[in-house]
Amino acid sequence: MKPAPFAYERPRDVASALAAMAGDGVVKVMAGGQSLGPMLNLRLVAPDTIVDITGLAELKHVEVAGEELVIGACVTHADIEDGRIPDVTRGAMQRVASAIAYRAVRNRGTIGGSLSHADPSADWVSTFAALCATLSLRSAKGARLVAMKDFMLGALESVLQPGEMLEAVRVPVMSPSARWGYVKSCRKTGEFAHAIGAVLIDPEAGRARVVIGAVEAAPIIVDNAEELFGGRITNDFKSRFDARVADTLLSKAGMSDAADRHIHVTILRRAVAEAAA
Amino acid sequence: MRNERDISPAAPASKQGVGARVPRKEDDRLMRGRGQFVGDIRLAGLQDVAFVRSPLAHARIRAIHIPERYRDVVFTSADLVGIKPIRAITGLAGFKPSDQPILATDKIRQVGELVAMCVAPTRAEAEDIAASVTLDLEELPAVYDMLKAREPGSPLVHEHWGDNVFLESFFELDITQALDAPIKVTREISTARQCMSPLEGRGVIATFDHRLDQLTLYTGSQMPHIVRNGLSDCLEMDQGQIRIVSPDVGGGFGHKGILLPEEVCLSWLTMKRGFPVRWIEDRREHLVASSNCREHHYKITVYADRDGTLRGIDCEATVDSGAYSSYPFSACLEAAQVVSILPGPYQMPAYRCRTYSVATNKCPILPYRGVARTGVCFALELMLDLVAAEAGLEPGNVRLRNLVRPEQMPFDNITKKHFDSGDYPEALRRAVAQIDIDGIRARQRKGEDDGRLIGVGLSIYCEQAAHGTSVYSGWGIPMVPGHEQATARLTPDGGLELKVGVHSHGQGLETTLSQVAFEMLGVDVAKIRVVHGDTAMTPYSTGTWGSRCMVMAGGAVATACHELGERAKKIGAKLLQVDEANVVLVDGEIRGPNGSVTLKEIAHTWYRRPQDLPGDVDPGGLEATSGYKPQRDSGTFSYAAHAVTVAVDPDLGDVEILDYVIVEDGGVLVNPMIVDGQIYGGLAQGIGTALYEEMPFDRAGQPLNTTLADYLLPGPTEVPMPWLDHMETPSPYTKFGVKGIGEGGAIAPPAAIGNAVNDALRGLGVEMLQSPITPRRVLEGILAARDAKRTAA
């Protein structure tokens, strides 16, 4: 289990990283390497060049800009877990971060690396979808913004183009009346999730956003989730949650196995209950 | 969870001898990262090997294409002229032997089978070369299911056999007497294929010394002397030309108890190329290629009276042995053992069992910690709970009715296993009391606030260990243990060296064997060195397996130390100028009527000042090698009762262990602290079998859980701290009354946890009869039961 030969570049800044990424051959960006490392060793990927951006200070920058928290792509899970970045989600991101894999993974793994890898079972792809985050992407040609809900196309597939990297995640400040719930099902501590339920429910605004993750594809995002709560979002949303609607939703999304649907619906119901608690 | 337990040491008979909780001597280096494993060894000019392994389970090799530039660094079976395949026969009637090629010849019989060997300055370069070799294979239908493999018309793993059965074993006594029993429960029960997963995988370094005309093989092995036997056979070399060194070993559990084709390959390669070569097993190779364990299937019927008295057991069991018979334990030990141990610690008047060791296109299975007992215990103990449910009795009471009682000891059971000593019912009673079954029943009636279902489960087993000549000669495999030997040598400064042919792969033998020597000679444990893991420096032994070291090597060390003490007495008596009959050895000194002389002084005089000795001193010296067998070598029988409380989440199928109790009896314990550690480790592996570990195969014979992201092992958060209680019934046959105990922790957990889950699910009409009990299996069972209820309504 040793990687096939590759060239290794460690650029000094984002501009030179983008230049290196524009080179010939297959280029992979490394930002923590917690998934890419094993994939290289198993020879599931064999890039010509690795561009390692993990150490770039520009990508560790964090700031609150207006109603958004802008988090550099190379901020680690542990940075978030340990409260080293401002909290605009009333602890939601901190709790998610603290349950990602193991501490050793959290020390090195980054939010940008995780999102770019686009593993359906990973926590951030579901979390940021539920939090209505926006991603800043940058290439040598320029920058663009993509909503998290539009970023992931499928398992290990995103809208990132060759030569393009994820630069930052922009998370809206959570409204004081919003309620957050996040539950995942793992067979053991640190294992990848088999089901994720993430909900952001604002009864005052009458809005709810529901994400069903770890579905072996991009997470299922329900932007206006009134149908899951009997047609409207009110303070009694927990008791209004309709598991049959969720089950139908999953069937329509192609989840044919009844036990799979049962697990996902259960996890979603528990996420809703957590939000109501 | 009761995580706090009193770990204050029991008052030992002596502060360092048998019974003392002496901290492990070896931990000083191991815990500081200063251990030396195969992977730590550096030799000048060392090159790395990577193997081209078969991607298919069953195929004919049409051609192996090696790029021209790599011709001289890639080797195939065509290069291994004169090297013989690995052949592990048995003396059991009807056994069909298999030849395990060192590198595949014409046919491939498992995914991961070695096809070509590539050597390069680094492993990464060797893997690059391996990736450049292409195989032209004609795929054959795979034998992927042991039950289908027994059916006529199945594809054949070894065509010339005519079927896929290595061996059929059979036992019957009076089964017709049981057939009219009022309770008859029949089920199919199975345990999944597993990987043994020691922290350190296999690793081999081979080098040849022309001055000594000797091949040295560094290999993480449980049994260096047996590796030498096998290597000598395959390479057709004199044993004196082969030295096996097994340095620190990071866990074995059976995985390091076989001769590997890789060991033969690297031995050949270093002699061919003249430089040292290394292969370190990676985790993928471990999961896919070298050996698996545990895959059993039982079709079992238990007959009983309404009061729970066992009337008889009728069983047909199948073991998936994989493609080849591994050296030295063979493909049949496991299934043949099922026949002889299925009756467990119980008495019964009738028994019938037929087992099949079946060849499939999977890697060979090896005896893993507990060997067949984990599967047997799972099958039998699950069945006893079903009998109890049928009879409307508490499962503990059904067991108490049938367990062999202390006043019957020693007891020959229905298959003529000779249980040496113990109080099985007392162990069960203590476990039942500690887990508080009455309290759990009350809690079950009340229900849980979180909607989970509580269940309690028991299991009990007895375990034959330290099997001797009389047992193994019957198997007729390439290895039969005889007298275990040890050497004890006083050094000129009064220190003691012990040399043993067994090897520690984590058991703490450097400490426990020193404790035995302290008990015999009174030499401070800190002044004792245990030399092991090197065929050039130790007496012959079949090695470390079958929970045998404390009984066999401990007995041998005691015997050698006794002999050494007798010799020291002879010298000491001369120095004290008294008759030998008037001296005794106490606390490390020879005492006579009017004075004493220490072993240290005796050693100094013997080696450094021989001029102080009279001319007629006994010439035997201060180095003694002795052999040892227990008075009766049919094995010791340790035993344990496990009790567990679980909570099952009926919406996800998750199982959480809430409380775990172990009451065990390993005879006299040389170091109870080390035994505690072995039981904790065994429990972790047992929980792995019960809830997590599984190597599934698809219809093409492809192993599916090929990384640790898929093959789940329990971690620290999945293993509770058990409540542990030791009983100590001495074995009447062994030195100090010790019994083998090292494997036991891994035997009972799947059965106890399975019973607890079934207890929790009984109200839903769901039974889990297959390990591991995954959330998916539990949930599918619950959903199916719900659907059936709905259909019936």
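B:Arg399 and B:Asp385 form a salt bridge in which the closest N and O atoms are 2.8 Å apart. This is a predicted model. Over all chains, the count comes to 76 salt bridges, and five of these are counted between chain B and chain A. Domain 1 and domain 2 of chain B, by comparison, have zero salt bridges between them.

- B:Arg399 has 0% relative accessibility and counts as buried. B:Asp385 is buried as well, with a relative accessible area of 4%.
- B:Asp145 forms a salt bridge with B:Lys148, with 3.8 Å between the closest N and O atoms.
- B:Asp145 is partly exposed, at a relative accessible area of 23%, and B:Lys148 also counts as partly exposed, at 39% relative accessibility.

**A:Arg43 and its partners in chain B**

- A:Arg43 forms a salt bridge with B:Glu127, the closest N and O atoms lying 3.9 Å apart. This pair crosses between chains: A:Arg43 is in the loop between helix 2 (36-41) and strand 3 (49-52) of chain A, and B:Glu127 is in helix 2 of chain B.
- A:Arg43 is partly exposed, with a relative accessible area of 26%, whereas B:Glu127 is buried, with a relative accessible area of 11%.
- The side chain of A:Arg43 also meets that of B:Asp128 in a salt bridge, at 2.7 Å from N to O.
- A network of salt bridges links A:Arg43 with B:Arg53, B:Arg123, B:Glu127, B:Asp128, B:Glu262, B:Asp282 and B:Glu285.

**Interface of chain B and chain A**

- The contact involves 27 residues of chain B and 21 residues of chain A.
- The two chains bury about 2000 Å² between them, and 54% of this is on carbon and sulfur atoms. On the chain B side, B:Leu652, B:Leu712 and B:Arg776 lose the most area to chain A, together 25% of what that side buries.
- Twelve residue pairs are in polar contact between chain B and chain A, with both residues at pLDDT 80 or more.
- Helix 2 (123-132), helix 6 (283-290), helix 16 (672-692) and helix 18 (775-792) of chain B each give two or more residues to the side that touches chain A. Helix 18 of chain B gives the most, with six residues.
- The residues on this side of chain B divide into eleven nonpolar, four polar and twelve charged.

**Domains of chain B**

- The domain assignment gives domain 1 (296-469 + 632-792) and domain 2 (483-628). The C-alpha centres of domain 1 and domain 2 lie 41 Å apart.
- Domain 1 supplies 20 residues to the contact and domain 2 supplies 18 residues.
- Domain 1 and domain 2 bury about 1400 Å² between them, with 68% of it on carbon and sulfur atoms.
- Five residue pairs are in polar contact across the interface of domain 1 and domain 2, both residues at pLDDT 80 or more.
- Strand 18 (453-465) and helix 16 of chain B each supply at least two residues of the side of domain 1 that touches domain 2. The residues of that side divide into nine nonpolar, seven polar and four charged.

Key:
Residues are numbered from 1 along each chain as its sequence is written. Chains are lettered from A and ligands numbered from 1 in the order in which they are written. This is a predicted model: local features need pLDDT of at least 70, side-chain atom pairs count only at pLDDT 80 or more; totals for chains, interfaces and linings use all residues. Side-chain values use heavy atoms; hydrogens and water are left out. Contact means heavy atoms within 4.5 Å. Buried area is the accessible area (1.4 Å probe) that two parts lose on being put together, summed over both. A salt bridge is a side-chain nitrogen of Lys or Arg within 4 Å of a carboxyl oxygen of Asp or Glu. A polar contact is a pair of N or O atoms within 3.5 Å; within protein, one must be able to donate a hydrogen and the other to accept it, and residues adjacent in sequence count only if both atoms are side-chain atoms. Helices (H or I, at least four residues) and strands (E, at least two) are DSSP runs, numbered from the N terminus. Ala, Val, Leu, Ile, Met, Phe, Trp, Tyr, Cys and Pro count as nonpolar, Asp, Glu, Lys and Arg as charged, and the others, Gly among them, as polar. Domain bounds come from an automatic or database domain assignment. Buried means under 20% relative accessible area, exposed over 50%, partly exposed in between (1.4 Å probe, protein chains only).
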